[in-house]
There are 2 protein chains.
Amino acid sequence: MAGEMQKWVLMATAQTPTNIAVIKYWGKRNEDLILAINDSISVTLDPAHLCTTTTVAVSPTFDQDRMWLNGKEISLLGGRYQNCLREIRSRATDLEDEKQGIKITKKEWEKLHVHIASHNNFPTAAGLASSAAGFACLVYSLAKLMNVKEDQGALSAIARQGSGSACRSLYGGFVKWVMGKEENGSDSIAVQLADEKHWDDLVIVIAVVSSRQKETSSTSGMRDTVETSMLIQHRAKEVVPKRIIQMEDAIKKHDFAAFADLTCADSNQFHAVCLDTYPPIFYMNDTSHKIISCVEKWNRSAGTPQVAYTFDAGPNAVLIARNRKTAAELLQRLLFHFPPNSDTDLNSYVIGDKSILQDAGVQDMKDVKALPPPPEIKDKVPSQKCKGDVSYFICTRPGRGPVLLSDESQALLNPATGLPK
Amino acid sequence: MAGEMQKWVLMATAQTPTNIAVIKYWGKRNEDLILAINDSISVTLDPAHLCTTTTVAVSPTFDQDRMWLNGKEISLLGGRYQNCLREIRSRATDLEDEKQGIKITKKEWEKLHVHIASHNNFPTAAGLASSAAGFACLVYSLAKLMNVKEDQGALSAIARQGSGSACRSLYGGFVKWVMGKEENGSDSIAVQLADEKHWDDLVIVIAVVSSRQKETSSTSGMRDTVETSMLIQHRAKEVVPKRIIQMEDAIKKHDFAAFADLTCADSNQFHAVCLDTYPPIFYMNDTSHKIISCVEKWNRSAGTPQVAYTFDAGPNAVLIARNRKTAAELLQRLLFHFPPNSDTDLNSYVIGDKSILQDAGVQDMKDVKALPPPPEIKDKVPSQKCKGDVSYFICTRPGRGPVLLSDESQALLNPATGLPK
């Protein structure tokens with residue numbers, strides 16, 4: 001890189017999945033470094049249906065770091081962005097791009113500004129953990145651009161400083177965030193328990209639940225819980241460690257019954273400690289409760305769990321079915337209890353992997369109306385169906401970790417200007 | 001009592017209050033004797049607004065034990081009724097009724113059958129702890145009839161075997177149920193911490209919340225919690241004992257801030273362990289959450305608690321205001337957020353001590369519609385008011401314990417026949 005002003009723009013584009021915890025992370029022991037008070041385990045969701053795509057670019061023409069999220073410029077001044085940028089920059093190494101004839105030394109990286117454009121393929125603010133996929137993608141794409149040589153575990157520790165659960169989005173399949181012991185957080189990293197092919201029977205249906213309430217942010221919520229709940233320390237120290245061992249074992253053995261029992265119990269306990277917080281935090285609403293009740297009745301009548309449920313810091317239900325057949329039966333039940341509003345198109349009411357809808361034998365609204373009540377509630381069919389309580393459903397499955405997209409047409413920044421396309 | 005068939009009927013009528021726990025009872029260590037896993041503390045509610053009246057009668061003409069609840073005959077075969085009847089009968093003593101010229105010896109009591117008629121002055125099945133007042137009144141009235149000489153504590157231990165919380169209805173004011181240590185439950189009794197005059201500033205408003213969900217009975221609910229919750233033992237052994245000491249102190253010192261903080265936190269923790277139960281138990285619904293949110297916002301903006309909330313095994317809110325002025329302000333807020341349906345008469349929407357409604361300056365529906373938003377939400381007034389979410393409000397206060405009603409016109413059984421009037 002010579003002294004004169006050069007016009008080149010160097011870019012990298014990556015795609016990173018979101019993830020859903022089945023053993024929950026709730027509570028930090030260090031707010032700045034984002035160090036958890038217990039281990040957690042998650043399932044990575046298929047990026048085909050839920051992912052973040054991020055393009056990062058560097059150019060001597062950029063005069064400041066800038067970022068666009070879903071097309072709108074946002075500030076990078078927040079500590080979480082600054083932490084990720086600083087940590088990645090400090091690990092940049094000498095780079096030679098032969099195609100463009102560019103050389104950047106470790107030292108030069110520190111002076112170069114970056115442009116970042118990020119996009120979610122799912123509605124933001126729907127409470128679908130967009131910050132996990134977002135920070136994971138930011139860190140992963142910057143690491144690729146800046147020729148960072150650290151392994152995925154070290155990258156996960158950087159993503160963790162953007163958003164705790166982001167560290168788990170650095171891998172596909174089943175992932176554990178090890179809380180670690182070090183004060184500097186160097187051992188608080190994600191590790192992959194099994195890849196997405198290990199247990200590919202599982203099918204995931206997400207119910208995006210309509211909500212009028214403004215929700216407590218998970219950052220302030222977990223701070224309040226740690227400060228005021230009389231139960232959270234008992235959960236973190238006595239309950240979760242045992243569940244982590246049991247969950248690892250259940251995943252290893254494809255033991256769906258154990259997996260479902262642990263997933264549901266841990267989701268419920270997370271919401272229990274939220275309720276034990278002062279003032280109490282309610283993330284689930286009456287619709288969430290109805291979905292749980294529907295699943296619990298079915299599981300009980302089947303004698304063994306068919307579906308697991310888990311809820312993050314919001315009313316949306318993430319439902320994990322043991323296989324495709326069960327997923328189709330689940331969708332029938334969900335559409336029976338929660339039919340779309342009359343002005344909603346079925347095609348926009350069930351999105352993602354629509355083949356599950358076909359398996360369920362539902363092609364149009366006529367089929368939804370004709371759905372029989374599930375056998376387990378035959379004698380006590382609810383008089384009132386819950387139209388409009390669910391905004392839409394997303395059908396998906398466990399999926400892969402981050403990937404670099406080499407096709408330049410998928411980049412979100414213009415390769416000539418480094419500005420959003 | 002001679003050998004020949006005699007026609008006399010001997011009766012006693014008593015009135016017993018209901019109570020609301022401020023440190024909750026949830027979980028038994030002995031299901032048959034109803035022995036709790038922790039102490040609990042309650043406030044007795046004024047029987048003028050919420051009470052059970054029970055008339056018990058004995059006559060040589062009765063050929064079996066019979067009971068009528070709110071005019072409808074019910075079975076006495078359940079273990080809980082049988083336990084109370086057996087324990088009271090075994091403590092009966094020789095009685096001489098001079099007016100009617102009747103003598104009954106201890107031995108004769110065992111052969112005489114009883115008739116029982118019980119009536120609640122509030123809607124049953126509204127989740128207002130009718131079983132507590134009911135069993136307390138059954139035991140108290142039978143003890144009076146049968147000349148039982150035991151003290152109130154011993155009677156509370158008998159009522160406890162009908163319904164755990166019933167033992168606390170044997171006293172007015174502030175009452176502690178000491179869980180005790182003995183295996184036979186003899187030391188698991190209620191004691192009065194302070195009578196109803198000790199802290200007579202307090203005003204209580206109950207919001208009876210409309211609910212479509214069938215609720216889990218508290219008996220099976222607490223059994224499931226003890227069997228499946230990983231948090232309940234920590235609550236019972238580590239959290240509650242400290243709160244009991246703090247609550248006794250708060251009551252002694254009329255320390256409303258401490259009283260309110262403990263009451264709210266313990267209600268929330270009770271619902272937290274319900275949620276931590278498998279399958280989870282939800283007693284509160286979205287309306288309950290809205291009421292909590294309304295109170296929390298007000299308390300925070302006031303800088304010190306104005307109102308405490310507590311919820312039992314259902315969605316109804318019991319709100320305890322620090323004094324009459326606060327109670328009027330509370331009622332204004334509640335009527336602002338939860339106005340009655342347009343076809344509801346204000347007179348049947350706010351019942352009990354209607355003078356609070358006058359203090360609130362609300363005389364008719366016009367006044368309800370004119371209520372300004374509370375100052376703490378001035379800038380974010382909800383677009384949607386929650387019409388119909390609350391069935392009605394009951395205004396009341398801490399009240400006295402059981403009393404014998406000597407006026408025969410108040411008896412629920414015909415003194416000639418021993419059958420319901």
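Modeller: The model is predicted. B:Ser267 lies in helix α7 of chain B.

Biologist: What makes B:Ser267 count as buried?

Modeller: The relative accessible area of B:Ser267 is 0%. Buried means under 20%, so B:Ser267 is classed as buried.

Biologist: Which residues are in contact with B:Ser267, leaving aside its neighbours within four places in sequence?

Modeller: With those neighbours set aside, B:Ser267 has contacts with B:Lys24, B:Tyr309, B:Thr310 and B:Phe311. Contact here requires heavy atoms within 4.5 Å.

Biologist: Why is the pair of A:Asp359 and A:Arg324 called a salt bridge?

Modeller: Side chains of opposite charge can pair when their charged atoms come close. The cut-off is 4 Å between a side-chain nitrogen of Lys or Arg and a carboxyl oxygen of Asp or Glu. In A:Asp359 and A:Arg324 the closest N and O atoms are 2.8 Å apart, so the pair qualifies. A:Asp359 belongs to helix α11 (residues 355–359) of chain A and A:Arg324 to helix α9 (residues 324–337) of chain A, so the bridge ties together parts 35 residues apart in sequence.

Biologist: What makes these two residues partly exposed?

Modeller: A residue is buried under 20% and exposed over 50%, and partly exposed in between. A:Asp359 has a relative accessibility of 42% and A:Arg324 has 35%, so each is partly exposed.

Biologist: Which residues are linked with this pair in a network of salt bridges?

Modeller: The network links A:Asp46, A:Arg324, A:Asp353, A:Asp359 and A:Arg397. Over all chains, the structure holds 36 salt bridges.

Biologist: How do you know that B:Glu150 and B:Arg91 form a salt bridge?

Modeller: Their N to O distance is 3.8 Å, and the criterion is within 4 Å, so the pair is counted. The two residues are 59 residues apart: B:Glu150 sits in the loop between α3 (130–145) and α4 (152–160) of chain B, and B:Arg91 in the loop between α1 (79–89) and β9 (95–97) of chain B. B:Glu150, at 36% relative accessibility, is partly exposed, as is B:Arg91 at 26%.

Biologist: What is the corresponding distance for B:Asp389 and B:Lys290?

Modeller: The closest N and O atoms of B:Asp389 and B:Lys290 are 3.2 Å apart, and the pair forms a salt bridge. B:Asp389 lies in the loop between α12 (365–369) and β18 (390–396) of chain B, and B:Lys290 in helix α8 (residues 286–302) of chain B, so parts 99 residues apart in sequence are tied together.

Biologist: Why are the two copies described as related by a two-fold rotation axis?

Modeller: Chain A can be laid on chain B by a turn of 180 degrees, with a shift of 0.0 Å along the axis and an RMSD of 0.0 Å. The copies are therefore related as by a two-fold axis. The same surface serves both copies, as 100% of the contact residues of chain A recur in chain B.

Biologist: What lines the largest cavity?

Modeller: The largest cavity holds about 170 Å³ of space. Its lining has 16 residues, with A:Leu275, A:Phe282, A:His289, B:Leu275 and B:His289 nearest its centre. By class, 12 lining residues are nonpolar, four are polar and none is charged. Helix α7 (256–275) of chain A and α7 (256–275) of chain B each supply at least two of the lining residues.

Terms used. Residues numbered from 1 in each chain as written. Chains lettered and ligands numbered in written order. Predicted model: local features only at pLDDT ≥ 70, side-chain atom pairs only at ≥ 80, totals over all residues. Heavy atoms only, no water. Least-squares fit on C-alpha atoms with pLDDT ≥ 70 in both. 1 Å grid on protein atoms, 1.4 Å probe; cavity = no way out; pocket = protein on both sides within 12 Å on 5 of 7 lines; lining within 4 Å. Points joined across faces, edges and corners; volume = space filled by probe spheres on them. Helix = DSSP H or I, 4+ residues; strand = E, 2+ residues; numbered from the N terminus. Nonpolar A, V, L, I, M, F, W, Y, C, P; charged D, E, K, R; others polar. Buried < 20%, exposed > 50% of the residue type's maximum accessible area, 1.4 Å probe, protein only.
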